[in-house]
Amino acid sequence: QVQLVESGGGLVQAGGSLRLSCAASGIIGVGINIMGWYRQAPGKQRELVAAATGGGTTNYADSVKGRFTISRDNTNKTVYLQMNSLQPEDTAVYYCNVEVKYFSGTTNRYWGRGTQVTVSS
């Protein structure tokens with residue numbers, strides 16, 4: 001059973017930094033295609049924050065470009081999100097997401113339970 005364990009959320013003042021981590025376990029397959037972070041603020045839809053492929057290609061939401069950096073440790077199946085210059089509008093629950101590829105050729109996506117990030121002004 002795939003499990004994603006997130007950590008690193010918390011309360012920070014505007015302009016501060018946080019680093020989120022997500023460790024994946026229980027993955028039996030070819031490997032992990034994409035590891036990423038989404039967020040959902042109260043009353044809003046869940047949105048992509050950043051994603052990284054196994055080959056190192058990254059993708060960011062326009063709102064976080066230049067402030068957030070995603071990285072992954074493929075050996076330890078862990079993805080990180082370094083968040084700098086945090087603003088109140090970054091306040092949300094942040095979810096880890098991974099896409100696993102299986103030997104059958106199919107893929108499946110899994111979600112973490114989420115970690116709260118609150119930025120005070």
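Me: Which residue is the bridge partner of Arg39 in S5?
Reply: Arg39 has Glu47 as its bridge partner in S5, where strands (E, at least two residues) and helices (H or I, at least four) are DSSP runs numbered from the N terminus. This is a predicted model, in which local features need pLDDT of at least 70 and side-chain atom pairs count only at pLDDT 80 or more, while totals for chains, interfaces and linings use all residues. Residues are numbered from 1 along each chain as its sequence is written, and side-chain values use heavy atoms, with hydrogens and water left out.

Me: How many bridges hold S4 and S5 together?
Reply: S4 and S5 pair in the antiparallel sense over six bridges, and two strands pair if DSSP finds at least two bridges between them. The two strands form a hairpin with six residues between them, and Gly43 in the turn has a positive phi of about 80°.

Me: And what about S4 with S9, how many bridges there?
Reply: S4 and S9 are joined by nine bridges, again in an antiparallel arrangement, with Met35 having Val98 as its partner in S9.

Me: Switching to the open sheet, in what order do its four strands run?
Reply: The order is S1-S3-S8-S7, with antiparallel pairing, and the edge strands, S1 (3-7) and S7, each pair on one side only. From one strand to the next the twist averages 15°, taken between axes that are lines fitted to C-alpha atoms (for helices over the stretch in contact), with angles running from 0 to 180 degrees between N-to-C directions.

Me: Which residues touch the most other members of the largest nonpolar core?
Reply: Trp37, Val49, Phe68, Ile70, Leu81, Met83 and Tyr94 do, out of 31 residues in that core, which is a set of buried Ala, Val, Leu, Ile, Met, Phe, Trp, Tyr and Cys residues joined through side-chain atoms within 4.5 Å. Strands giving two or more residues to this core include S3 (18-25), S4 (31-40) and S9 (92-101), and S9 gives the most, with five.

Me: Where does Gly29 sit, and what does Gly29 touch?
Reply: Gly29 lies in the loop between S3 and S4 and, not counting residues up to four places away in sequence, touches Lys101, Tyr102 and Phe103. Gly29 is partly exposed, because its relative accessible area is 21%.

Me: Last one, how many helices and strands are in the protein chain?
Reply: The protein chain has zero helices and eleven strands. Its radius of gyration, taken over C-alpha atoms, is 14 Å, close to the 14 Å that the globule rule gives for 121 residues, so the chain is as compact as a globular protein of that length; that rule is 2.2 Å times the number of residues to the power 0.38.

Definitions and conventions: Buried means under 20% relative accessible area, exposed over 50%, partly exposed in between (1.4 Å probe, protein chains only). Contact means heavy atoms within 4.5 Å.
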